[in-house]
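Please keep the sequence at hand as you read.

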Amino acid sequence: MFSDAAGGDVMKKKVVQAVAMIAIIVLLLALDCVVHVARNRKASFRNSKILCEQIESVITSHKRKEKGLINSLKNEYIARAQAVSYIIDKYPIVENDTAELLTIANHISVDEINLFDIEGKIYSGTQPEYFGVTLDAGEQIQFFKPILTDKTLSLCQDVTPNTASGKLMMYAMCWNDAGSRIVQVGIELTRLLKELRADSIADILKEITVIDGIEILIAEKDGGKIVGATNGIENVALLSDLRLSADDFADSESQYMRINRFGKSWYCVLDSFDSYIVMALQDRRNANKGLSLTLCITLLYLVFAAVVISFTAYIFAMKTKTAEEAAFTDPMTNLKSRLAYEEAIKAYKDSPLPSALFYIVMDLNGLKHTNDTLGHATGDELIKGAARCIRKALGQNTDIYRVGGDEFAAIVTSEENEIREDIAALKVRTEEWSSTHSLLLSISCGYAEASEADTIGTLCERADQKMYEEKARFYKESGFDRRRRRN
């Protein structure tokens, strides 16, 4: 019988060990998979980030080219303004003929011609509704105001909403040779863009060597319109089609995420750049090719698991300890908190009081008056100053508690003469602090010895009574009206 029972126990133990071994193997295989996927994801993000940076570099290069072309066009538009000035000087009859001025504008490929007198007011041009507008009319047109005092100037403004109608325009302005009028030509944004003939984002993408398995998408921040995409996602028109919003990528920092779109799961890197959002997406299945590791690293995973568990336990213990310390510490004064005070008082409720035990209660005088007249920041300064003075007077090894907004307490095992000396030292320190900070720091104190009470509650009441007697003397001697300025 005993042999059968022993054999049964051994069998049960072996079954348990086998189940544990299988569980460990499954766990290690799962960990193996997680590590492999994490490594592939990191590599995917790194490659995608490099690709995004490459795209941004190409876009920046094209922007520089575009800027150079704009500067060239500015010089050309000034030349067009000078051409208009020459034509009008040659044929003064067209100066006030709106129809002729429109014909001239059409021939030199500008959208507006405006003529200003020497005072800077429009008196003629292709836009009669602008007649009477001056160079003081708005922020946009004031750009040209320096031309009034320097007739050698010729100015061309960046594309800006004009003062009169808010249209996006680029304006160029110059004096005529006689210095009797100022000629301004204006070019609308659509005409300017046509003359720029800038490369599109779709064309820029053709210059990029895309890593196998990675798709690129470029969207405008304003509105989320897709302006360029590789073949795998070329049918997407808006970020909202991907259930994304341009507002999600306002931060300039790179963002990494995993998304499920187009029937696939992707690793995705998003960069907010200039006026664009650049996205690089890699199919997870492509990134995780060869997901397998040999069983010979099982021992390493055992060590790894032990380290992770130990580390997790350590972090939990440290967080618990930190949380307890935070709960038992007053954040403003670094003294012990109200919670710590209640725990300390609780420890004396069910036991006789030690014969040499003293309870000291301290309360700031006039704190509410300070808060009301000088502000709570000054009141907080008084509280912090009081805490430092109390700590220095009572000693570093004394348990001192902040039990209320302006109330402190200490539980001390000492001699009465030492308590008196400490309270006297506190008065000296508060006076020194007051003279240094030009603020009145005054603390009323009361203390009681264990021999005066049979319970901790009675001891606290005796100390409170003495503290309030001293506080009453303070208000009487200082002239504070406690009915209007309480604590």
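A residue is called buried when its relative accessible area is under 20%, exposed when it is over 50%, and partly exposed in between, with a 1.4 Å probe and protein chains only. Helices (H or I, at least four residues) and strands (E, at least two) are DSSP runs, numbered from the N terminus. The model is a predicted one, in which local features need pLDDT of at least 70 and side-chain atom pairs count only at pLDDT 80 or more, while totals for chains, interfaces and linings use all residues. Residues are numbered from 1 along each chain as its sequence is written, and side-chain values use heavy atoms, with hydrogens and water left out.

Let us begin with strand β10 (residues 264-273). Nine of its ten residues are buried, so β10 is largely enclosed by the rest of the structure. Two strands pair if DSSP finds at least two bridges between them; β10 and strand β11 (residues 276-283) run antiparallel and are joined by eight bridges. Within this pairing, V269 has A280 of β11 as its bridge partner. The two strands form a hairpin with two residues between them, and D274 in the turn has a positive phi of about 50°.

A second hairpin is made by β13 and β14, with four residues between them. Strand β13 (residues 399-402) pairs with strand β14 (residues 407-413) in the antiparallel sense over four bridges, and R402 stands opposite F408 in β14.

Now turn to R181, in the loop between β5 (168-175) and β6 (182-188). Is R181 buried or exposed? R181 is buried, because its relative accessible area is 7%. Its side chain makes polar contacts (pairs of N or O atoms within 3.5 Å; within protein, one must be able to donate a hydrogen and the other to accept it, and residues adjacent in sequence count only if both atoms are side-chain atoms). One is with the side chain of D89 (2.6 Å), and another is with the side chain of Y123 (3.2 Å). Leaving aside neighbours within four places in sequence, the residues in contact with R181 (heavy atoms within 4.5 Å) include E95, L115, F116 and W175. R181 and F116 are 65 residues apart along the chain, yet their C-alpha atoms are separated by 5.7 Å.

Finally, consider the open space. On a 1 Å grid over the protein atoms alone, a pocket is an open set of points with protein on both sides within 12 Å along at least five of seven lines, and lining residues have an atom within 4 Å of a point. The largest pocket holds about 510 Å³ of space. Of the 21 residues that line the largest pocket, K427, S442, I443, S444 and E470 are the closest to its centre. The elements giving two or more residues to this lining are α10 (416-437), β15 (443-449) and α11 (456-478).

Methods:
1 Å grid on protein atoms, 1.4 Å probe; cavity = no way out; pocket = protein on both sides within 12 Å on 5 of 7 lines; lining within 4 Å. Points joined across faces, edges and corners; volume = space filled by probe spheres on them.
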